[in-house]
Amino acid sequence: MTKVATMDTETFDIAERDVLAVLPARSQDLARLRVLVQQRPQATVTVMGKYNHGKSRLLNELLGSDAFAVADKRETVALAEHVQPDVRWLDAPGLDADVGLADDGHAYHAAWLQADIRLFVHAAKEGELDAAERTLLHALDADQQRTRRRALFVLTQVDQMADDAHLDKVVTAIHAQAPELPLHQVSSTRHRQGVEGGKKLLIEKSGIPALQAVLHEAIAEVPAARVHETALLLGEIRGELQSAKSDAQSRLQSLQDTQHQQRQAFEQGLIEVLDKVQIDLQPVLEVSGPDQALVPDSFENAFKLTAGKQERARIQIAYSRACIAINAHLVKHGVVGLPQAQQTSVTSLDTVMVAVMGVSVKYREDLRKIFCEPEGRDRLGRDFARYFELSDDRQALASQIAQCEAERVAADKALQALATLEAV
């Protein structure tokens, strides 16, 4: 802890930024951790509770001086502070005193970020706890169990009860509502009267000395509690970061496996289609005698059905069937439309098949070069694979992979920053 106390603000700022990039829900814990590593020498005691429940008066009696303003009107509107050599006292604005909830914000800041010890105050004359008080008390107790920051429940203004029977009734009801925290009954008025009148019995009866003794014990526990809470927060954050990194790595590996398997399936399927196309083309490619498709049409037979025209039509039909077979494979793998940058004003031409294969083939040699020779087949494999990678599904998968990689890198970066924070 001594080393951590010398940490510069920039080191913590970097670690906080990197951690919050991965774990935004840890903002409050990081804010508390910042307070812890700053290592004020004094234990911080925050008094909190609803408006006009005697918080400031209680603080003054615990201090033995009128350090905090006391009035019947709403006096404390922000965090009031009084620092002694061993204790820093905070008087938080009353909960629910401000309809705009600004005071609540000050109070919660003091209780959850600044305080090593929380004194929750409730006036006996108000009777049972309301729902908001019960919720806060349960939260304070849960945090006490987790972080070892002490929470003390103080019932103030017990002197204003009609008699002991009424007080016992209120105490019993409150204990049923919040049995997890011992109830310290005090009267600031009796304590002041006892001090001013030199009446020891009245001072003891006020409950203030007993509360001071409990506070003294709690203050002595603060250094160890800070060490525990610092290690707890760092450990929890580190564990979440490791889990986030592991999860991102697992998802990344799964997506990369899917990406590889899809590419393999596409390429293997295309090879199988091209093999079948090559077999199906053999009857068309094998001719005995002169290749009539190479004989050009003359002006005289421009409108006649010649052997050359028949052969070229036969070749075109074979080419179309080959394209249909390939296109079925492309559609199966989502390779249909062209990327936006390649699209034209003619929708029917904006297909991968047209971009790679063209529209027609007239001669057998063209069929042979495209579908049968290694160079032609390799070109088809490269071109179709390129459009496969540019397809919407593959681009979406690539985006997911990039996101997972970014999450993994961010988690790793945050872990390194946290390690630097712990090593300072």
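Guide: Helices (H or I, at least four residues) and strands (E, at least two) are DSSP runs, numbered from the N terminus. This is a predicted model, in which local features need pLDDT of at least 70 and side-chain atom pairs count only at pLDDT 80 or more, while totals for chains, interfaces and linings use all residues. Residues are numbered from 1 along each chain as its sequence is written, and side-chain values use heavy atoms, leaving out hydrogens and water.

Visitor: Happy to start at T11: is T11 buried or exposed?

Guide: T11 has its place in helix α2. Buried means under 20% relative accessible area, exposed over 50%, and partly exposed in between, with a 1.4 Å probe and protein chains only. The relative accessible area of T11 is 17%, so T11 is buried.

Visitor: Which helices do the buried residues of α2 pack against?

Guide: Those buried residues are T11, F12, A15, E16, D18 and V19. Contact means heavy atoms within 4.5 Å, and by that rule T11 touches T420 and V424, not counting residues up to four places away in sequence. As a group, the buried residues of α2 pack against α3 (27-38), α10 (208-285) and α15 (392-423).

Visitor: How are α10 and α13 oriented, roughly parallel or roughly antiparallel?

Guide: Axes are lines fitted to C-alpha atoms, for helices over the stretch in contact, and angles run from 0 to 180 degrees between N-to-C directions. Angles under 35 degrees count as roughly parallel, over 145 as roughly antiparallel, 65 to 115 as roughly perpendicular and the rest as oblique. Helices α10 and α13 (residues 364-372) pack at about 160°, with axes 10 Å apart. That makes the pair roughly antiparallel.

Visitor: And how do α13 and α14 lie, roughly perpendicular or oblique?

Guide: Helix α14 covers residues 374-390, and its axis is 5 Å from that of α13, at an angle of about 60°. On the α13 side, K369, I370, F371 and C372 meet P374, G376, R377 and L380 of α14. At that angle, α13 and α14 are therefore oblique.

Visitor: What separation do the C-alpha atoms of E81 and E240 have?

Guide: Along the chain, E81 and E240 are 159 residues apart.
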